[in-house]
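My entries follow the order in which I consulted the model.

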Amino acid sequence: MDRNRLARGDGGDKDENASVYSFGPLMASLDSVSLAILLGAILVMAGILSSLLALRFGAPLLLVFLFIGMLAGDSGPGGLSFSDVQNTYLVGSAALALILFDGGLKTRFQSIRTVLAPSMVLATFGVLLTALVTAPVAKYALDLNWTEALLIGAVVASTDAAAVFLLVHAQGLRLRPRVGATLEAESGTNDPFAVFLTLMLVELISVGDSSVWHVVIEFLRESMLGGIVGLIGGRIVVAALNRVALPQGLHAPFVTTAALVIFGVAQISHASGFLAVYLAGIIIGNRPTRAHNSVVTFLDAATWLAQIVMFVLLGLLVSPQRLLDSVVPAVIVALVLMLVARPLAVFLCLAPFRFNWREKLFIAWTGLRGAVAIFLASIPMLVGLSKAYLYFDVAFVVVIISLLLQGWTLAAAARRLHVALPRAERGPRRVELDLPGQLEQQLVGYPVRQKSLFLRRGLIPSWSKPTLVIRNEKILTPAEAAPIAAGDYLYLLAPPEKAEALDRFFVEMQPMASPDPHLLGDFLVSGEITVGDLAQIYGISVDPAAAQLTLADYFDVNLDRAPKDGATLPLDTIVLVARNISEGRVNVVGLRLPEDEEKPPSLTRTAALRQKASKAWSSIARI
């Protein structure tokens, strides 16, 4: 080696230095990658930790992630220069697909079946009407032509499911069933139509040649193909989950990647990928599958992380200096959207359906804009339209105002309009374990609380079976552990789709208010009246085992889910109707007599029956 160096006459120092210098650019590139990973992880971690502050002080959580991205950008203290719209669109598409899939996975078809018609009208005609009403304001406020103004309307027309239900959950609201189901179904299905409308308008602006029939045909084709891909894809995933023996822990990643495969296949086929993944989620979520609970838990974390990354990237694209040029007209567009366009669209679309004005007003006010609007606004930037950044900036301002104004007042609006009750008690900690070899039952575990319905009344649904008890770190059978005491952990066998319905038996019960004396003596009775008392008064036959149950207990035992307003149960020839719910328990029960279902009873018979009931209830009240 030394002879070679001497033969060259340079001692070899030059080559060694050149070798060292040649590694300089490589090391710099590796350092930049490592730095990007470090900063990205710090940003995501900061977003997760910031959620504690946002939830504690009631701030709309999604804004925190946007502001973190803005602070990290080139206009903020972070100084990161980021303008990669293509990767932002890629991440946004995957994130939105997972969010919609997760929403479909948690949607119980029987809960939205009754509101499918109004939800679909809101998701299509509602989005179109919102865009049409917003467009004239955008045209004159932002000095755009009609097509560009309509594109602004399309970008901000759809509601954001993640924003709506994140804030509803964070503010402790329990929405009335019909209102909650309508918002759930609309938020999950209006995104595909908004994406389609945005793409059609971008194509019209870019190409400059289109027709109404072309738009209608494209919409029908994408919707039908997207529905077919979603239905077939969902069924294939269900079959694969139940028939392929995947190693433990791989079921959730398999379903998550399958959702993205369904989305990709639909998009490549020029179908609606977002509609496909939402429908696939509904198919998978409403069929018995292996590892269902681990899949839902994994997707909760995946969609949460997807939202964080999506909002941080969108925040990085924002330029505060550029926003100043369009902030005033953007605020005007936002206010018209929230106060005029959305309410008008909701009231017109729900006019044929039986919603009262309070429900319509709340649905209109809950049309929050979130990441979907900013994601749609990135499409013009991706294809390089003129004024592309204007669409993005307007959407950003609309989202900020919507989350601030509507997000902070959501709970107050729900209570003022009487469409929701405060969730005073969080559900019990539920543990769900899948049992290999079958799909009909799973093991569901709860800590037994002192004031729980199970411990105080000994109530448990007939479709569940206590299997084991854990006490002082010892595993016992229910017979060995009898009587079960507070502090024990009880595990029961129950169908997976009914597991959540067990929660109300293990939550702390609140003291029951005294029945309203004005309700006694009419066809409304207190939920604390026993079935036996009711049978004695009205001369009906009941099971002796049920005679000692209160009417509230009777609903709890015989319903396979938490009781809701209007829920009915037959009791011999009488039908019990839940008329008032508090803390998940029936406070007031309506009695539907046999004559009520067929024809109005005569005045004489009704008066006699009411008089008889009044005397009986009065005697019970004195006792």
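**Backbone and cavity notes**

I began with H270, which I found in the loop between α11 (251-268) and α12 (273-285). The model is predicted, and I read each value below as computed from it. For H270 I noted a positive phi of about 60°, although the residue is not a glycine. Is H270 buried or exposed? I recorded a relative accessibility of 53% for H270, so the residue counts as exposed, the cut-off being over 50%.

I next looked up N472, in the loop between β5 (465-471) and β6 (474-476). Its phi is near 55°, again a positive value in a residue other than glycine. N472 counts as exposed because its relative accessibility is 68%.

I then turned to the peptide bonds. The bond from A482 to P483 is cis, and I noted its omega as near -5°. I located P483 in the loop between α20 (478-481) and β7 (489-494).

Which helix gives the largest share of the lining? I found that α6 does, with four residues. At least two lining residues come from each of α6 (116-142), α9 (177-207) and α15 (327-349). Sorted by class, I counted four nonpolar, five polar and two charged residues in the lining.

Methods. Residues numbered from 1 in each chain as written. Predicted model: local features only at pLDDT ≥ 70, side-chain atom pairs only at ≥ 80, totals over all residues. Heavy atoms only, no water. Nonpolar A, V, L, I, M, F, W, Y, C, P; charged D, E, K, R; others polar. Buried < 20%, exposed > 50% of the residue type's maximum accessible area, 1.4 Å probe, protein only.
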